[in-house]
Amino acid sequence: MPVYCLTGANRGLGLEFVRQLSQLPSATIIATTRSNDNDLTDLKAINPSDTSTKIHIMECDIASLDSINSFVKNASSLLESQSLKITHLIANAGVNSVSGQNSLTIGPADLHREIDINLIGPAKLVENLVSQSLLANDVRVLNMTSGLGSMTKSLTIEPRKCMTY
Ligand SMILES: NC(=O)c1ccc[n+]([C@@H]2O[C@H](COP(=O)([O-])OP(=O)(O)OC[C@H]3O[C@@H](n4cnc5c(N)ncnc54)[C@H](OP(=O)(O)O)[C@@H]3O)[C@@H](O)[C@H]2O)c1
């Protein structure tokens, strides 16, 4: 049975991933959100088309190692109780919060925050899931990227921006 796990599922592309995955038969979807205090109305409203498909909403703040550890414990309880492993991990959560910054105006705290969320968090999530043997042998790990994250591809953008991203 396919098991999809994704971060940043409460809105944007993550929410749409859940919507579309929920139309698959016999799938397990672990939809994580930075905080359970987020408005989860849209996520909770998603109805799988097949009753054998289940959506589990869990908290995972990708910028917090403690939150990642807690999430992995919760995911472990769920997956082990059903003898399941994650077959698709979608590292969707990400931020481009200070898009106006260029190479001459980088804010150190902003750069650290974006590295924590966009780079270190996804790596630590995989590390923790591997250490608990929660990933299938043939797992597919999808890391979201963007043309704006590429200095070469964004060469044509004037004025230059999104340096921290
Ligand atoms: N939209 C585009 O055109 C585009 C293009 C290329 C790539 N991307 C990438 O695709 C991904 C999704 O983009 P989007 O447009 O859907 O972005 P979005 O609408 O801004 O949504 C971002 C999602 O990431 C979550 N998030 C932020 N910080 C988090 C954290 N510390 N822990 C867990 N979740 C966190 C947000 O949760 P909160 O609601 O709690 O903030 C939200 O669910 C991002 O990685 C982005 O870089 C987007």
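The following dialogue examines how terms are applied to one predicted model.

Student: What makes β2 a strand that is largely enclosed by the rest of the structure?

Tutor: Strands are DSSP runs of E with at least two residues, and helices are runs of H or I with at least four, both numbered from the N terminus. A residue is buried under 20% relative accessible area, exposed over 50% and partly exposed in between, with a 1.4 Å probe and protein chains only. Six of the six residues of β2 (residues 28-33) are buried, and the strand is therefore largely enclosed.

Student: How do you know that both faces of β2 are covered?

Tutor: In a regular strand the side chains alternate between the two faces of the sheet. In β2, T28, I30 and T32 lie on one side, I29, A31 and T33 lie on the other, and all are buried.

Student: Why are β1 and β2 called paired strands, and which way do they run?

Tutor: Two strands pair if DSSP finds at least two bridges between them. Four bridges join β1 (residues 3-6) to β2, and the two run parallel; Y4 stands opposite I29 of β2. Likewise, six bridges join β2 to β3 (residues 54-59), again in parallel. Within β3, M58 is the bridge partner of T32, and K54 is that of T28.

Student: What makes the unit of β1, α1 and β2 right-handed?

Tutor: A crossover is right-handed if, with the strands pointing away from the viewer, the path from the first strand over the helix to the second runs clockwise. β1, helix α1 (residues 12-21) and β2 make a β-α-β unit of this right-handed kind.

Student: Why are β3 and β5 said to stand at the edges?

Tutor: The open sheet has five strands in the order β3-β2-β1-β4-β5, with parallel pairing. β3 and β5 (135-143) each have a single partner strand, so one side of each is left without a neighbour in the sheet. On average, neighbouring strands of this sheet are turned by 20° against each other, direction ignored.

Student: Where does α3 pack on the sheet?

Tutor: Contact means heavy atoms within 4.5 Å. Helix α3 touches β1, β2, β3 and β4 (86-91), and its direction makes about 155° with that of β3. For such angles, axes are lines fitted to C-alpha atoms, for helices over the stretch in contact, and the angles run from 0 to 180 degrees between N-to-C directions.

Student: What makes the crossing of α3 and α4 right-handed?

Tutor: A crossing is right-handed if the near helix is turned clockwise from the far one by less than a right angle, and left-handed if anticlockwise. The axes of α3 (residues 65-81) and α4 come within 10 Å and cross at roughly 35°, and the crossing is right-handed. The contact is made by L65, I68, N69, F71 and V72 of α3 with G121, K124, L125, N128 and L129 of α4.

Student: How do you know that N128 is buried?

Tutor: N128 belongs to helix α4 (residues 108-131). Its relative accessible area is 16%, and N128 is therefore buried. Leaving aside residues up to four places away in sequence, N128 touches I68, N69 and V72.

Student: Why does N10 count as buried?

Tutor: N10 is found in the loop between β1 and α1. With a relative accessibility of 13%, N10 counts as buried. Beyond residues up to four places away in sequence, N10 touches L15, T33, N38, D39, L40 and L43.

Student: What makes S83 stand out in its phi, and is S83 buried or exposed?

Tutor: Most residues other than glycine have a negative phi, and most peptide bonds are trans. S83, in the loop between α3 and β4, has a positive phi near 50° and is not a glycine. Its relative accessible area is 69%, so S83 is exposed.

Student: Which features are found in the segment after β5?

Tutor: P159 lies in that segment, and the peptide bond from E158 to P159 is cis, with omega near -5°. C162 also lies there, with a positive phi of about 60° although C162 is not a glycine. At 4% relative accessibility, C162 counts as buried.

Note on methods
Residues numbered from 1 in each chain as written. Predicted model: local features only at pLDDT ≥ 70, side-chain atom pairs only at ≥ 80, totals over all residues. Heavy atoms only, no water.
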